[in-house]
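Welcome! Please keep the view open while you read.

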Amino acid sequence: MSISYDLAIAGGGLAGATLAKNMAEHGARVLVVEREREFKDRVRGECMFPWGNAEAHSLGIAGTLAEAGGYQLEWAEFYVLGDRIDRREIIPTTPHQLPCLACYHPAMQESLLRAAEVAGATVRRGAAVREARTGVSRALLVEEDGCTKTIRARLVVGAEGRSSVVRSSAHFAVLRDPEDPMIAGVLLENVPSTENTLEVIYNFAMGQVVIVVPQGRGRARVYVCYHDGTQPRFQGNSDLARFAESCMNTGANASHFKDSRQIGPLATFSCAQTWVDHPYRDGVALIGDTATSSDPVQGQGLSLTLRDVRVLRDCLLGTDDWDAAADFYAIEHDAYAGRLHLFNQWYSELFFAMGPDADDRRARAMALIAQDPTRQPDSLFSGPDLPANEDVRKRFFAED
């Protein structure tokens, strides 16, 4: 059985649902295939920085995120061990004049997928993508209720995350940074953190950082990032006490854990970035984590996903030649994702590296940054549209 659409999207999360909503609103015939009948909580990024919030406004989903419980973070505090070294008011200090946004991921996904349906997209849940076909016969092979259907489309889009059937079956080569940094996270309630404040706590001697992302009503997603091999991975409810101890050893406030209660899974993942060079070929485009899975320590994944959606949308709406449009999207993606990758590597090298040489370099750089904050590229809050050349790197690392 063969069915035809303009867009056949594999994955109904942030990337797929937002693209489906936007394209359906412009009259495209859109199908979204989502394997999960109900989205479940998993450990993942839930903080969208101001430049990603601006993309959400451009894509018309800011209201949907607010209705899903999106929580505004208007301050960011940075600590070394227990000592606060900076408190930043986010809205007036960023070019987009917007706060960070924290949103419980399953609620965000459900709201966006409903919005895509309201806009006119067809959504099939509980269906599994088995293959993506490229070229003239571009299509998704979808298994649903025991039957396999061929879904033909002008453009096939892979938006299923890191483990993408579309990406593998369309034979995209996946590149990967070396393994080392790990990130563990858990959702807690009854956390006495400052409600509208993102907290980042460094322990340079341990090579660790703790990130506390409040979601309102005493809930917070807490992460600890560490070097692989320095401690066993955290996994399952029985590891919560050891996770809390690691966070407190890093410098996190012990009150965060005293009376808190775990309300989500605890798990650990590699922070190594994966990406595809030029995420379009022969009728298949990749967006979100399927195209580039950014280092989660830097918290740029949600923002980068929405940039992908907005750029691909604009390219498709600008011409009837969707092959050329998707090809141009891939060129643009490589440029901004490449700059962001470079910024993230700089941040990781300066603030996460261990040893005497790293300590000396960090001390020099931080002393100069304290005198002149513009020495530090503001990519975390302002996005990848900043110069990323050798002169910028040398200034950041105090090598100028």
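The briefing below covers helix packing, strand pairing and a salt bridge.

This is a predicted model, in which local features need pLDDT of at least 70 and side-chain atom pairs count only at pLDDT 80 or more, while totals for chains, interfaces and linings use all residues. Residues are numbered from 1 along each chain as its sequence is written, and side-chain values use heavy atoms, with hydrogens and water left out. Helices (H or I, at least four residues) and strands (E, at least two) are DSSP runs, numbered from the N terminus.

**Helix H1 and its partners**

- Helix H1 (residues 14-25) and helix H4 (residues 105-118) have axes that come within 8 Å and cross at roughly 25 degrees. Axes here are lines fitted to C-alpha atoms, for helices over the stretch in contact, and angles run from 0 to 180 degrees between N-to-C directions.
- H1 and H4 are therefore roughly parallel to each other; angles under 35 degrees count as roughly parallel, over 145 as roughly antiparallel, 65 to 115 as roughly perpendicular and the rest as oblique.
- The crossing of H1 and H4 is left-handed, a term used if the near helix is turned anticlockwise from the far one by less than a right angle, with right-handed used if clockwise.
- From H1, Leu-14, Ala-17, Thr-18, Ala-20 and Lys-21 meet Met-108, Leu-112, Leu-113, Ala-115 and Ala-116 of H4, where contact means heavy atoms within 4.5 Å.
- By class, the contact of H1 with H4 has eight nonpolar, one polar and one charged residues. Ala, Val, Leu, Ile, Met, Phe, Trp, Tyr, Cys and Pro count as nonpolar, Asp, Glu, Lys and Arg as charged, and the others, Gly among them, as polar.
- H1 also packs with helix H8 (residues 301-317) at an angle of about 30 degrees, with their axes 10 Å apart.
- H1 and H8 are therefore roughly parallel to each other, and their crossing is right-handed.
- Among the residues making the contact of H1 with H8 are Leu-14, Thr-18 and Asn-22 of H1 and Leu-302, Val-309 and Arg-313 of H8. The residues of this contact divide into ten nonpolar, three polar and one charged.

**Strands and sheets**

- Strand S5 (residues 75-80) pairs with strand S6 (residues 83-89) in the antiparallel sense over six bridges; two strands pair if DSSP finds at least two bridges between them.
- Ala-76 has Arg-88 in S6 as its bridge partner.
- Two residues lie between the strands of the S5 and S6 hairpin, where Leu-81 takes a positive phi near 55 degrees.
- An open sheet of three strands, with antiparallel pairing, has the order S3-S7-S4. Strand S3 (47-48) and strand S4 (71-73) stand at its edges, each with a single partner strand, so one side of each is left without a neighbour in the sheet.
- Two bridges join S3 to strand S7 (residues 100-102), and Cys-47 is partnered with Ala-102 in S7.
- Another three strands form an open antiparallel sheet in the order S12-S19-S22.

**Salt bridges**

- The whole structure holds 28 salt bridges, each a side-chain nitrogen of Lys or Arg within 4 Å of a carboxyl oxygen of Asp or Glu.
- One of them joins the side chains of Arg-221 and Asp-41 (2.8 Å, N to O). Arg-221 lies in strand S16 (residues 219-227) and Asp-41 in the loop between strand S2 (30-34) and S3, so the pair ties together parts that are 180 residues apart in sequence.
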